Amino acid sequence: MLQTSDNKIHVANNMMDMDQDPRKRLCFADGRRKVDYVLVYHYRKRSSVRGSPSQHRLSIISNGSYPLGVEEKDQEGRKDEPAEVVVDVGPPDPADGEKIMIREEFEGNLKDAGLEIEHDKENKAHGHAFIRLHAPWQVLSREAEFLKIKVPTKKSYELREEKGLAATMNEVWRKLNQPFQPKVPHQEQEHSRTKFLSHCFSRDKLHLYNIKSKDTFFDNATRSRIVYEILRRTACTRTCQTMGITTLIANGVYDSAFPLHDGDFHPSGQAEGKNDRQLLHDEWARYGAFYKYQPVDLIRKYFGEKIGLYFAWLGVYTQLLIPASVVGIIVFFYGWATVETNIPSQEMCDEDQNFTMCPLCDRACDYWHLSTACGTARASHLFDNPATVFFAIFMSLWAAMFLEHWKRRQISLNYSWDLTGMEEEEEHPRPKYETILLQKRQRKKKNTKNKNETGHEKLTWRDRLPGYLINISSILFMFGVTCSAVFSVIIYRITISALMAMSSDPEVKSNVRVTVTATAVIINLVVILILDEIYGMVAAWLTELEIPKTETNFEERLILKAFLLKFMNAYAPIFYVAFFKGRFAGRPGDYVYVFNDYRMEECAPGGCLIELCIQLSIIMLGKQLIQNNVFEIGIPKLKKLCRTLKDKERAPKEIVEQPGRRQQWHLDYDLEPFDGLTPEYMEMIIQFGFVSLFVASFPLAPLFALLNNVIEIRLDAKKFVTELRRPDAIRAKDIGIWYNILSGLGKFSVIINAFVISFTSDFIPRLVYQYMYSETGTMHGFINHTLSYFNVSNFKPGTVPSISSLGKDITFCRYKDYREPPWSTEPYQFSKQYWSVLAARLGFVILFQNLVITMSMLVAWVIPDVPKNISEKLKKEKTLLVDVFLNEEKEKLQLIQSLFSRDLTQEQQEELKVSDQTSLPLQQTQPGQLPPTSSPAPRTRPRAASFSQFTRQMSMSPRSDITQHTAV
């Protein structure tokens with residue numbers, strides 16, 4: 001309690017001794033009431049003259065933590081008490097004084113809502129003050145009923161036990177999986193054959209629930225969620241806005257608000273004595289536990305359903321990457337095993353063929369033999385072989401199976417987490433929306449003559465139109481920036497290739513293509529990483545301009561913008577290599593030039609597929625290694641260091657504290673605040689694109705994604721358990737808009753892989769040659785068939801090689817294209833073979849798309865969304881719940897009838913004593929039957945009695961302990 005005199009405030013010391021039970025560190029000073037939520041604000045004090053009429057007073061609330069008689073002590077006793085501090089308070093400016101009064105009003109409203117509050121002492125010139133909140137049982141039960149939180153009841157039933165071969169197989173599978181299961185006590189209940197029915201919490205049905213202790217009936221995540229709901233809807237009129245804590249944090253009244261972690265995460269003994277945070281750290285958030293399954297149920301219990309669904313989805317995705325990786329490895333080794341027997345590669349490496357190729361650049365480049373590109377041809381066969389087509393079809397079906405499997409897994413989790421039938425919760429407006437809406441109301445109030453007119457204004461499309469226009473123009477501009485970055489790298493490749501070709505060093509000349517490709521991909525990677533960070537901030541800024549009303553709308557719009565920008569940024573260089581490189585370079589004698597000096601680059605002799613593979617592999621591995629791992633580890637630590645240095649600058653003399661006196665709320669405040677799951681989902685979605693979109697060019701992509709995700713799961717787990725504040729437990733039935741993005745990528749991957757196989761690889765030209773132009777029906781002569789002739793006399797002046805080491809008797813050179821020879825009537829025009837190959841390519845695209853999409857639809861149709869056992873359990877539980885409530889109502893009706901019968905029987909006996917008239921004997925009245933209505937009743941009783949009243953009376957009476965309920 002507080003005592004103010006002479007403008008001084010007596011503040012109670014709420015610090016606790018660290019030698020006590022660690023569980024009491026999460027409680028109020030009395031050691032009994034849990035801290036369910038913490039509010040933090042920054043205060044600043046200065047000395048002031050006593051008795052100043054302009055001085056503000058800070059009222060600090062304490063709900064029974066200290067004796068009531070403290071304020072009656074005299075001044076001398078107050079000085080001798082070490083647990084109390086006397087401070088002079090004076091706000092440094094009117095803004096701080098306004099914040100103080102807003103906090104007083106807000107905290108008073110929280111007390112009116114039933115929350116109990118405990119404050120920190122403020123014994124420094126300035127610093128952070130912590131407000132601890134506790135929700136008593138009355139508040140928890142009331143809010144749980146409002147929020148329709150499902151809790152287990154006493155009623156249970158036995159699950160059907162499998163028999164025969166299925167039971168044997170399940171038992172064998174369970175034993176094989178035993179070493180991979182995390183040692184979590186909560187998971188032992190999953191293997192129990194007893195299932196407890198769940199029902200929405202109701203204060204009228206407390207007898208249905210197994211309430212052993214009111215303090216532990218609701219877990220910590222549920223308690224913090226209930227308190228957060230109260231904080232969100234509590235109004236504060238001084239802000240001129242409707243809702244509470246989010247608006248107050250946005251306006252700087254409070255710095256932050258967060259629930260507490262369950263103590264320290266370091267191990268403290270046996271598994272039975274560990275808190276949930278320690279269990280998560282030991283069995284989930286360690287790299288040594290990489291081979292174990294995730295304790296998804298414990299993750300959901302600790303962090304809430306939304307985060308639990310993310311890690312469940314990530315686990316399903318990682319598991320299904322295992323078969324994709326195995327098939328990809330088989331495809332790769334098939335190419336490695338058949339490279340020696342591949343006829344086109346042998347022809348390219350055969351020096352006796354003596355294919356003299358046209359120069360790769362003007363003047364400085366010489367003619368060259370095709371056999372010098374033998375290594376490129378052999379490497380290209382590793383990824384460009386018939387098995388690649390099979391793998392592309394397999395991965396398209398894999399994407400469909402992944403989505404169907406996740407839907408089934410999601411339904412199972414909804415059932416086990418009691419999310420079936422969950423209604424959409426009403427969301428509160430965002431602070432930015434409320435601020436702009438308030439400004440609109442104020443403008444409208446100034447313009448209207450009737451000052452008392454009040455309306456329910458809302459923001460219309462006219463209010464959002466400027467934001468929409470800026471969004472469209474900014475996104476188009478960002479697309480232009482991405483394309484400009486890609487074009488700049490193209491210019492770099494062209495110029496460096498020309499400069500290295502002019503070198504007199506033969507070793508430099510021989511490594512032109514490898515050097516240019518590797519350095520260009522690294523530059524692309526650096527540009528992608530830089531633009532990714534910029535686009536993330538730009539997407540958030542553009543979303544704010546749209547003024548979304550709720551957090552869900554804000555999150556969905558932010559995800560769409562960030563995905564569009566980052567998708568374009570990550571895949572633009574890959575799209576260029578796959579579909580544009582070498583297609584606009586022209587032909588010898590008629591090349592396309594950039595800036596009138598540099599020729600457009602062409603594909604390697606083995607095709608563009610090998611370059612696409614190099615581009616995809618380096619960008620994918622670089623993003624995963626640098627962005628997903630190094631950034632995730634380094635950036636939070638840098639932010640924490642900056643925040644620590646900033647706090648030291650604020651109070652350099654008072655920052656020194658005793659480490660033993662730091663409480664859990666101090667430790668949690670030092671952690672990084674949780675910013676949402678969007679970055680986590682985004683990096684996995686971009687990776688899914690690498691795995692599915694261009695997998696025909698890089699069969700090892702699923703393997704590298706699998707290795708990355710094994711590390712990513714433990715990295716994210718460590719971040720959530722040890723480096724982030726505990727997030728608010730948010731209920732969610734699905735992963736939201738991310739599923740739609742995954743589904744869209746899966747369908748888009750079918751089209752991309754069809755075009756990669758048709759236009760980027762040589763699969764279709766080989767088929768056309770073998771079945772249309774080969775005289776023997778084999779691949780012999782394929783290389784010669786794909787090379788056209790060019791008469792060197794047709795070179796433009798100044799483009800002929802200045803020095804030729806192959807001699808001056810070269811009349812014709814070869815280049816890769818389907819064109820008429822110079823001796824034909826239409827020299828250098830597209831030949832009939834070109835049009836045949838083009839028709840075959842387009843036909844393959846149509847056939848591949850329809851085949852794969854039909855098979856994907858068949859897979860989706862064959863696999864039901866809801867598992868059969870889950871649908872049966874839902875039907876059975878619904879029937880059992882109906883029976884339970886029908887039996888309960890039947891018992892209540894019998895109880896009411898017996899009460900009425902007993903009262904009326906007593907009234908009849910009293911009437912017989914005072915009346916001389918004869919009446920029917922009491923023996924003729926059957927039990928439970930109402931007496932004749934001819935006898936007047938001296939008092940009336942309401943027949944429409946509330947069942948809940950009887951339930952409360954029975955639960956309070958001694959008979960409630962022996963009340964029989966229907967067992968299920």
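1. Where pLDDT is low, the predicted coordinates should not be read in detail.

2. The structure is a predicted model. For the protein as a whole, the mean pLDDT is 79, and 81% of residues reach 70 or more.

3. Four strands form an open sheet in the order S5-S6-S3-S9, with antiparallel pairing. Strand S5 (116-119) and strand S9 (256-258) are the edge strands; each has a single partner strand, so one side of each lacks a neighbour in the sheet. On average, neighbouring strands of this sheet are turned by 25 degrees against each other, direction ignored.

4. Within the sheet, strand S3 (residues 37-44) and strand S6 (residues 126-134) run antiparallel and are joined by eight bridges. His42 stands opposite His128 in S6. Across S3 and S6 lies helix H5 (residues 220-233), which runs at about 50 degrees to S3.

5. Thr543 belongs to helix H16 (residues 512-545). Is this residue buried or exposed? Thr543 has a relative accessible area of 0%; buried means under 20%, so Thr543 is classed as buried. Leaving aside residues up to four places away in sequence, Thr543 touches Pro548, Phe554, Arg557, Leu558 and Lys561.

Conventions
Residues are numbered from 1 along each chain as its sequence is written. This is a predicted model: local features need pLDDT of at least 70, side-chain atom pairs count only at pLDDT 80 or more; totals for chains, interfaces and linings use all residues. Side-chain values use heavy atoms; hydrogens and water are left out. Two strands pair if DSSP finds at least two bridges between them. Helices (H or I, at least four residues) and strands (E, at least two) are DSSP runs, numbered from the N terminus. Axes are lines fitted to C-alpha atoms, for helices over the stretch in contact, and angles run from 0 to 180 degrees between N-to-C directions. Contact means heavy atoms within 4.5 Å. pLDDT is the predictor's confidence in each residue, from 0 to 100. Buried means under 20% relative accessible area, exposed over 50%, partly exposed in between (1.4 Å probe, protein chains only).
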